[in-house]
Amino acid sequence: MPGSGKTTVGRELAKRLGLRFSDSDHEIEARTGVKIPTIFEIEGEDGFRKRETQTLDELTTESDLVLATGGGAVINPLNRTLLSERCAVVYLNVPPHILWERTRHDRSRPLLQVPDPKGRLQQLYTARDPLYREVAHIIVEGGRGTPHAMVRMVEKELQVLCAH
């Protein structure tokens, strides 16, 4: 979800594991030369989602990478397949009221530029939570601890996952 800490936790996890970090939204911006809101403005959400799938298809073939996806990546069934079959997927489950606190002053999130962004976050959470759970190999309950604590939880769960 937007504001769950994907980039912050992912960047620190990559550093601790000695891996490269990539954020799919930042990768899309680098490839297009424009910010995500501009892509939404010009191409709409459908255009952005096509770019997202292409980027995920390429990034999920790389090894030694910690990847933070955009919050809506799970909407497309193909993306869910790419992620679940090629990656160890971690879902940072953060309650909507905490997401709201983290994102309420952020104007760079196109899906939250609506009259009721708090209600929109709740709608997104309700729609996406089952999809995140479907694709996730690891679910970390977040929102209360520090990013560092979340990284330690993810590391611990990855060790368990890799031991099997």
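1. Let's start with R133, which counts as partly exposed at 37% relative accessibility. This is a predicted model, by the way, so keep that in mind as you read on. R133 pairs with D129 in a salt bridge, and their closest N and O atoms sit 2.9 Å apart. Both residues belong to helix 6, four residues apart, so about one helical turn separates them. D129 is buried, with a relative accessible area of 14%.

2. Salt bridges with shared partners also link E27, R31 and E58 into one network.

3. Stepping back: how many salt bridges does a search of the whole structure find? The count is eleven. Opposite charges on side chains can pair when the charged atoms come close.

4. R86 and D57 form a salt bridge, with 2.9 Å between the closest N and O atoms. R86 is in helix 4 (residues 77–86) and D57 is in helix 3 (residues 36–59), so this contact ties together parts 29 residues apart in sequence. R86 counts as partly exposed at 39% relative accessibility, and D57 is partly exposed too, at 33%.

5. E134 lies in helix 6 (residues 117–135) and R80 in helix 4, so the pair ties together parts that are 54 residues apart in sequence. Which of the two is buried and which is exposed? E134 counts as exposed, at 52% relative accessibility, whereas R80 counts as buried, at 12%.

Notes
Residues numbered from 1 in each chain as written. Predicted model: local features only at pLDDT ≥ 70, side-chain atom pairs only at ≥ 80, totals over all residues. Heavy atoms only, no water. Salt bridge = Lys/Arg side-chain N within 4 Å of Asp/Glu carboxyl O. Helix = DSSP H or I, 4+ residues; strand = E, 2+ residues; numbered from the N terminus. Buried < 20%, exposed > 50% of the residue type's maximum accessible area, 1.4 Å probe, protein only.
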